[in-house]
Amino acid sequence: MNEFRAAARAGAALAATALLGASPPPAIFERGIDLRRPGKVVLALDREVYERARPDLGDLRVVDETGAAAPYLLDRVGSDPEPTFREPLAINRVFVRGRSASVTLDLREPMLKSELVLALPGDNFRRRVKVEGRNKHERQWTTITDGAYVFAVPEPAGARYETVQLPQNNQQFLKITVFNGPDDPPRLEIRDAWVRPQERRKPREFPLEPRLTRADDAAERESRLVLDLGARYQPFRAVLLDVGDPDFFRGATVEQRREPALDADGQSVLPVSWAPVLEQASLYRYQEEGETRECLRLEATGRARVLRVRIRNRDDRPLDVRGVTVMVPQERLVFEAVSPHRYHLTYGDATLEPPVYDVERTVGDAALWIAQASEGRWGSPVVRVREGPRLPWTERHPALLWAGLVAVVGLLAGVTWRALQEGRGPG
């Protein structure tokens, strides 16, 4: 009977192994939508959606009580790569000895833009930049910015900060003036300049207060600010620092944490790693000509739960960072609600293809269409287990099937063993 007992134990062990190895069915999430009235309804996406939905938001579905999908328009920040820089036509290069150098840039047509990059001589400088703009049929120049700075830091660990962030504008002509800094030669020149075009205007932004963790690394001579935004794929547009120091200059970079793969116990399979989002940025505050000129905004865009700001202190003491705010864009979902239907949003299904609706191409002016919508409200999220097609009992319970087969084989083996033993009786 020992063989019989061993076979039974093997069947039970096999069943337990199969049951433990079976992965739970994938979950999707639902949120009810409260409507004020039928017609166009707009809802702002929030942290719950960014935590559970896919990063491309292609799993979002608006569904009524019958299970029918309602077409929707998603007003979101694009994830396409930024356009490459363009080199405009440079004309009217002039300088005022010991004071400044100027050049006029012709973009050949009105162009939406908010970033300018310069190429200047020298490897150790601090220079103020003024940018003016106008269009073809305008006579007067209007000031776009007059308080931007560019820097170069010499070796060792040399770095250049020659990007100028501009208020968004569409002027065809830009007049760039770079003022001589301390210890600059009498004659200064602007060697080259580029602008980066933009496809659309910047989205509306809102402040988000992240959970902040700070570490000062004396060996690396840098401060690290780790910012938890609260959701896996939270979109962000910029990082703003509140600094108490009166005068300073620091180089800075922004990185985002790569979301780690998790094992069955929820533990990270690989060590934490970081991907660059913004490199060679600068933070500064100066008093000049009776005015405070500062840059405390880091133009970093992407989607992530955790950001890391690295501030290069060199031989200076760490900055007095009193707080950090992350500016996040408002992304909205708009659909047409039909009475008397009730609607809810589903998300979290990794198998769905992104939807393609006619409304994306037929709505015309999307901003006007959205402005005409009434605001809806989200309900609390509910977890649902996605059910697949009904399978035969043997496929839905393979562990029990195999356990039964092993038990039967063990039983037959036991019966056979006993019969053999009885056949060897006396005589």
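**Arg 31 and beyond**

Modeller: Leaving out residues up to four places away in sequence, Arg 31 touches Asp 46, Glu 48, Val 49, His 344, Leu 345, Tyr 347, Trp 378, Gly 379, Ser 380 and Pro 381. Bear in mind that this is a predicted model.

Biologist: Where does Arg 31 sit, then?

Modeller: Arg 31 is in strand S1, residues 27-34.

Biologist: Is Arg 31 buried or exposed?

Modeller: Buried. Its relative accessibility is 6%, and the cut-off for buried is under 20%, so Arg 31 counts as buried.

Biologist: What does the side chain of Arg 31 reach at 3.1 Å?

Modeller: The backbone oxygen of Gly 379.

Biologist: Switching to the core. How many residues are in the largest nonpolar core?

Modeller: The largest nonpolar core has 30 residues. Leu 45, Leu 60, Val 62, Leu 333, Phe 335 and Leu 345 have the most contacts inside it.

Biologist: Which strand gives the most to this core?

Modeller: S27, with 4 residues. Others that supply at least two residues each include S1, strand S2 (39-44) and helix H2 (47-52).

Biologist: What is Phe 335 in contact with?

Modeller: Setting aside neighbours within four places in sequence, its contacts include Ile 33, Leu 43, Val 62, Tyr 72 and Tyr 343. There is also a second, separate core of 26 residues, with Val 243, Ala 281, Ala 300 and Leu 307 among them.

Biologist: New topic. In what order do the 6 strands of the open sheet run?

Modeller: S6-S7-S13-S9-S10-S11, with antiparallel pairing. S6 (89-96) and S11 (159-161) are at the edges with a single partner strand each, so one side of each has no neighbour in the sheet. The twist averages 15° from one strand to the next.

Biologist: How many bridges join S7 to S13?

Modeller: 7 bridges, between residues 100-106 and residues 173-179. For instance, Asp 106 has Phe 173 in S13 as its bridge partner.

Biologist: And aromatics: how many pairs in the whole structure?

Modeller: 11 aromatic pairs. One of them is Tyr 149 with Tyr 284, edge-to-face, at 5.3 Å centre to centre and 70° between the planes. Tyr 149 is in strand S10 and Tyr 284 in strand S21, 135 residues apart.

Biologist: Is Tyr 149 buried or exposed?

Modeller: Tyr 149 is buried, at 3% relative accessible area. Tyr 284 is buried too, at 3%. Another edge-to-face pair is Tyr 161 and Phe 249, at 5.6 Å and 75°. Tyr 161 lies in S11 and Phe 249 in S20, so this pair ties together parts 88 residues apart in sequence.

Biologist: Which residues do ring pairs link into a cluster?

Modeller: Tyr 149, Phe 151, Tyr 161, Phe 249, Tyr 284 and Tyr 286.

Note on methods. Residues are numbered from 1 along each chain as its sequence is written. This is a predicted model: local features need pLDDT of at least 70, side-chain atom pairs count only at pLDDT 80 or more; totals for chains, interfaces and linings use all residues. Side-chain values use heavy atoms; hydrogens and water are left out. Two strands pair if DSSP finds at least two bridges between them. Axes are lines fitted to C-alpha atoms, for helices over the stretch in contact, and angles run from 0 to 180 degrees between N-to-C directions. Buried means under 20% relative accessible area, exposed over 50%, partly exposed in between (1.4 Å probe, protein chains only). A polar contact is a pair of N or O atoms within 3.5 Å; within protein, one must be able to donate a hydrogen and the other to accept it, and residues adjacent in sequence count only if both atoms are side-chain atoms. Contact means heavy atoms within 4.5 Å. A nonpolar core is a set of buried Ala, Val, Leu, Ile, Met, Phe, Trp, Tyr and Cys residues joined through side-chain atoms within 4.5 Å. Rings of Phe, Tyr and Trp (its six-membered ring) pair if their centres lie within 6.5 Å; planes under 30 degrees apart count as stacked, over 60 as edge-to-face and the rest as tilted.
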